[in-house]
There are 2 protein chains.
Amino acid sequence: MQQNNNKPIILITNDDGIHAPGIHALVEAMRPLGTIVVVAPDKPQSGMGHAITLNEPLRLKKSNLFGDIEAYACTGTPVDCVKLAKDKILHKKPQLCVSGINHGSNSSINIIYSGTMSAAMEAGIEGIPAVGFSLLNYAIDADFTSAAHYAAKIAEQVLQHGLPQNTLLNVNIPYLPIDEINGMRICRQAHAKWEEEYDERLDPHGRPYYWLTGNFVNYDGGDDTDEWALSHGYVSIVPVQYDLTAHQAIAFFHKNWSLYQTKSPHDIHLDNSDTFNDLG
Amino acid sequence: MQQNNNKPIILITNDDGIHAPGIHALVEAMRPLGTIVVVAPDKPQSGMGHAITLNEPLRLKKSNLFGDIEAYACTGTPVDCVKLAKDKILHKKPQLCVSGINHGSNSSINIIYSGTMSAAMEAGIEGIPAVGFSLLNYAIDADFTSAAHYAAKIAEQVLQHGLPQNTLLNVNIPYLPIDEINGMRICRQAHAKWEEEYDERLDPHGRPYYWLTGNFVNYDGGDDTDEWALSHGYVSIVPVQYDLTAHQAIAFFHKNWSLYQTKSPHDIHLDNSDTFNDLG
């Protein structure tokens, strides 16, 4: 791409695909803040998590969906979009990567499954300040006014202050008019999960097939979580890391697996196989 | 499934698919430890990350690939396999879920992209003690003897001691004969990443397409990382969490975004839009 001025370069992607209203709202929100480049999936990629395309080639197709803004539809996943944008379109790090605005929540455990958040995380891994935005409404015709308003405010903050090293942001916005939103809260990811129930059906040949359905269950009573914030009318902002090490758990293994330590506190040997014989 | 005795139930899955030699080595390693149920993808699913299948139905096909062991090929992703196994096959939590043995490393940042590790993480989210195993050799005919040996030892430890709450294990095994492996080390995830370079080619119609290639770069000089352990002949064991909150970063936002606090230290309001006018 050609950068024509000193404005920051802002890479925009999503997982609902380049035709989704949410990414168009995000482009409009970012337009005053920098030089925009859009690289988004050519089709919906919800639930793709951090999938990458290893065994097929990818294609980029220039798009005029955003008028004068440089935009490409990519045949790959949201993470592929970020990787390809950096290597083949931008040729350098943008000052900001924003992903979304997702049609539907990516709060708490949903971050794990979300292509929107995985695209932001991939940018974060590349050292690019990154934010994923999601609106708590799945509808194709949802009103993105409040979400776009907060996306602009948060992007300005990130451009002004930067982000701590190895950190990106997971932002969720309640589906409320602007004047009913109470503000923003810095939160931790709530301890919550999906209770799946697969809907089992029989095809015309009598063979079973399964549709994923489920209920979201919040097990977390804390008032410092994203779920609490969202249910109380706040925009939730969770700082996110991609070091998945459970540092606090390391001591458990040194304590309980200590029989097998030899050379150093980190070393665990299993030379004495007899110890395990009563388990088999 | 029918459980015939008091042995623990062990769910086995992978991302290389039900035909991969790695999962067959894992089944043999686990066979003495419990009642095995295999639910694995019917085709390779490497690089699928935490993808789930939202918009297509899934199918399960009984497999006789493992002799007398109950096994199913699933049309979905590794995460789908774990979800379906729990809801439609096991109907309850197994005592252990093991994933792999992956053909190729899932150390450091590779955990993010790995279907093998995402399957283990999904089990962890469900409250099932879970371990992903990976061998540092991509070859289809790699020798899994050492990896299977350590997989059995580690599974025994997990069955005996359990795992800390909300923690799973990412285990990588160097490609060495058993007597050349120095033991095991509890590690943190190394700070490393892939430097992508897309190989750009032209199709017969002159249109470009891109193949993902790249080099793995370790930026981490620590001797407590998985990369250090593996390069020094140790099996690396990283305790992994799925709370992605960057807890240590929360203070940054309270400090730098404090202009917008009103009601409580958590609250940040943006009512005074004028503050941002010089940024636009």
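1. A:Asn166 sits in the loop between H5 and strand S7 (168–173) of chain A, helices (H or I, at least four residues) and strands (E, at least two) being DSSP runs numbered from the N terminus. Its phi is positive, about 60°, although A:Asn166 is not a glycine. A:Asn166 counts as partly exposed because it has 16 C-beta neighbours inside 10 Å. For the burial classes, a residue is buried if 20 or more other C-beta atoms lie within 10 Å of its own, exposed if 12 or fewer, and partly exposed in between, with C-beta atoms placed from the backbone.

2. A word on the model before going further. This is a predicted model, in which local features need pLDDT of at least 70 and side-chain atom pairs count only at pLDDT 80 or more, while totals for chains, interfaces and linings use all residues. Residues are numbered from 1 along each chain as its sequence is written, and chains are lettered from A and ligands numbered from 1 in the order in which they are written.

3. As background, most residues other than glycine have a negative phi, and most peptide bonds are trans.

4. In chain A, the peptide bond from A:Gly100 to A:Ile101 is cis, with omega near -10°, and A:Ile101 lies in strand S5 (residues 96–103). In chain B, B:Gly100 and B:Ile101 are likewise joined by a cis peptide bond with omega about -10°, and B:Ile101 is part of strand S5 (residues 96–103) of chain B.

5. Now the overall build of chain A. It has seven helices and 12 strands, and its C-alpha trace spans about 70 × 55 × 45 Å along the principal axes. Of its 280 residues, 51% count as buried. Taking contacts in chain A between residues at least 6 apart in sequence, 76% join residues at least 24 apart; two residues are in contact if their C-beta atoms, placed from the backbone, lie within 7 Å.

6. The contact between the chains takes 74 residues from chain A and 74 residues from chain B. Helix H5 (residues 145–161) of chain A gives the most to the side of chain A that touches chain B, with six residues. That side has 38 nonpolar, 21 polar and 15 charged residues; here Ala, Val, Leu, Ile, Met, Phe, Trp, Tyr, Cys and Pro count as nonpolar, Asp, Glu, Lys and Arg as charged, and the others, Gly among them, as polar. The copies meet through the same surface, because 100% of the interface residues of chain A are also interface residues in chain B.

7. The largest nonpolar core has 172 residues, of which A:Leu26, A:Ala151, B:Leu26 and B:Ala151 touch the most other members. Such a core is a set of buried Ala, Val, Leu, Ile, Met, Phe, Trp, Tyr and Cys residues joined through C-beta atoms within 7 Å. Beyond neighbours within four places in sequence, the contacts of B:Leu26 include B:Ile12, B:Val98, B:Ile101 and B:Ala151.

8. After H2(A) comes A:His91, with a positive phi near 60°. Helix H4 (residues 115–125) of chain B is largely enclosed by the rest of the structure, because 11 of its 11 residues are buried.
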